[in-house]
Structure formats: structure tokens, C-alpha cells
Amino acid sequence: MTFYNDNDEGGDEVPELKLRVEGDDDDVNAKRQTLRQRLLEESESEENDSWLKDLGFSFLLRRSIWEWIKLGILLIIVGLLAAVFLKWVGPFFMDKELMPLVNWEMATFSAPMLAVVVFTSVALFPTILLPSSPSMWLAGMAFSYGFGFLLIISAAAVGVSIPFIIGSLFLHRIQGWLEKYPKKAAFLRAAGEGNRFHQFKAVTLIRLSPFPYMIYNYCAVATHVEYGPYILGSLIGMVPEIFVSIYT
């Protein structure tokens with residue numbers, strides 16, 4: 001190829017360079033086909049992943065709705081059983097069994113001795129897995145509202161502290177029991193998570209729930225709940241029961 005200078009009429013010859021792509025046409029087509037097939041496979045894989053994600057979300061949504069439906073049915077059944085108990089079983093039990101015992105205690109013991117009996121029973125009955133509600137009713141009948149409330153709340157503080165201390169002595173054995181039943185223990189372990197305020201709220205909800213709190217008193221230390229949130233949440237959760245026992 002010849003190049004000309006603007007000032008000169010002549011020019012210099014230089015060799016012409018040509019770029020040639022080596023390779024067979026069949027190889028190029030094969031590579032194009034392979035690339036196209038790879039892109040199609042990746043596209044199909046992404047579509048499958050998206051479909052699986054949508055299917056999993058739909059399954060979780062249906063499962064969540066079904067769990068709420070079962071919870072609603074359970075609450076309705078518990079409410080009906082509670083209504084039956086309050087309407088027929090409770091009054092019969094109080095008239096035939098509980099009231100004669102309460103009247104006997106009030107006639108037999110003096111006021112100071114009766115206060116000792118109430119305090120001891122409220123403090124010790126939960127330790128041996130016995131209900132302390134009858135003793136709370138006795139405090140409401142025998143004493144004034146203010147003194148009865150202070151007597152019950154102070155005894156309850158002792159009653160929830162004793163199982164916590166006993167549970168700390170058998171910590172490893174209780175932790176082994178919780179690990180043996182992980183699904184049942186998940187509800188209890190949730191109380192030990194988070195900060196102190198979260199623990200306080202969780203313990204209060206457990207105390208207000210139908211869960212047998214006397215068992216939780218022994219298991220609380222194994223869920224890493226601190227003593228402060230534990231006792232405060234337990235006492236706050238007992239306040240409705242104490243008011244019902246005293247003011248009814």
C-alpha cells in the first residue's frame with residue numbers, strides 16, 4: 001500500500017497488514033450453539049428457583065393461617081370449658097368443699113395465726129406443685145383488701161423464688177430435659193432471649209397464659225432468665241389472680 005505526503009507528490013510504500021480470524025465455521029457455530037444452550041439453561045434455572053420460592057411462600061402462608069385457625073379453635077374450647085367450670089363446677093366445689101374448710105380455719109385460728117397459715121401456704125404450695133388460690137381466697141375473706149394484697153404478694157415472692165433456687169441446683173438435669181423435648185421447650189426458651197425488658201414481658205405472658213407456671217418456675221433458670229425480670233414478671237402476672245381472689 002502506498003501513502004502520499006501532502007507536500008510531496010511521491011510517497012512511500014509500506015506492506016499492507018491484514019487481520020485474519022483463524023478457525024473453522026463449524027467450530028464457531030458449535031460454540032454459538034453451546035453458549036445459546038447455556039443461556040437457556042440458566043434462564044430455566046432462574047425460573048425454577050423463582051417458582052420454588054413462590055411455592056414455598058404460599059405453603060408457609062397457608063401453614064400460618066392454619067396455625068392461627070387451630071389456635072382460635074383451641075381458645076374457643078378453653079373458653080367453653082372455663083365457662084362451664086365457672087357456671088357449675090366452681091360454685092359446687094366452693095359450696096361443698098372449699099367454704100367449709102375456710103370457715104373452719106377462720107373459726108379455729110386467730111388473725112395472726114391465720115396470716116401465718118396464709119403466708120406459708122401461698123409460699124410453699126407452688127413449690128410442691130399445689131395451687132395456692134384457696135389460701136388467697138381465705139386472705140380476701142379474713143383480712144382487709146390492703147393487708148390481704150400485701151400478705152399474698154409477699155408470700156408469692158417467696159413462692160416463686162424457692163423453685164428458681166432449687167432449679168439452679170439441678171440446672172444441668174433441667175437443661176437435659178429441655179433438650180430432650182425441643183419443641184415443647186421452645187416456648188420456654190423464648191423467655192430467656194433478649195434484654196431484661198424482653199425477659200420481663202415474656203415471663204409476664206407465661207404467667208398469664210394457661211401454661212402451668214409452677215413447672216415454669218423450676219425451668220426458668222435453665223432458660224437463662226435473670227432473677228430480676230423473672231420475679232417481677234411473675235408477680236405482675238399474678239396481680240389479676242390476686243385481685244379476683246380478694247375482691248370477689
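Helices (H or I, at least four residues) and strands (E, at least two) are taken here as DSSP runs, numbered from the N terminus. The model is predicted, so that local features need pLDDT of at least 70 and side-chain atom pairs count only at pLDDT 80 or more, while totals for chains, interfaces and linings use all residues. Residues are numbered from 1 along each chain as its sequence is written, and side-chain values use heavy atoms, with hydrogens and water left out.

Within helix α7 (residues 196-208), Phe197 and Phe200 are separated by about one helical turn because they stand three residues apart. Seven aromatic pairs are found in a search of the whole structure, where rings of Phe, Tyr and Trp (its six-membered ring) pair if their centres lie within 6.5 Å, and planes under 30 degrees apart count as stacked, over 60 as edge-to-face and the rest as tilted. The rings of Phe197 and Phe200, with centres 6.3 Å apart and planes at 35°, therefore form a tilted pair. Phe197 has 53% relative accessibility and so counts as exposed (over 50%; buried is under 20% and partly exposed lies in between, with a 1.4 Å probe and protein chains only).

Elsewhere, ring pairs join Phe164, Tyr216, Tyr227 and Tyr230 in a cluster.

Helix α2 (residues 111-124) packs with helix α3 (residues 133-142) at an angle of about 155°, their axes being 9 Å apart (axes are lines fitted to C-alpha atoms, for helices over the stretch in contact, and angles run from 0 to 180 degrees between N-to-C directions). Leu114, Val118, Ser121 and Val122 of α2 make the contact (heavy atoms within 4.5 Å) with Ser135, Met136, Leu138, Ala139 and Ala142 of α3.
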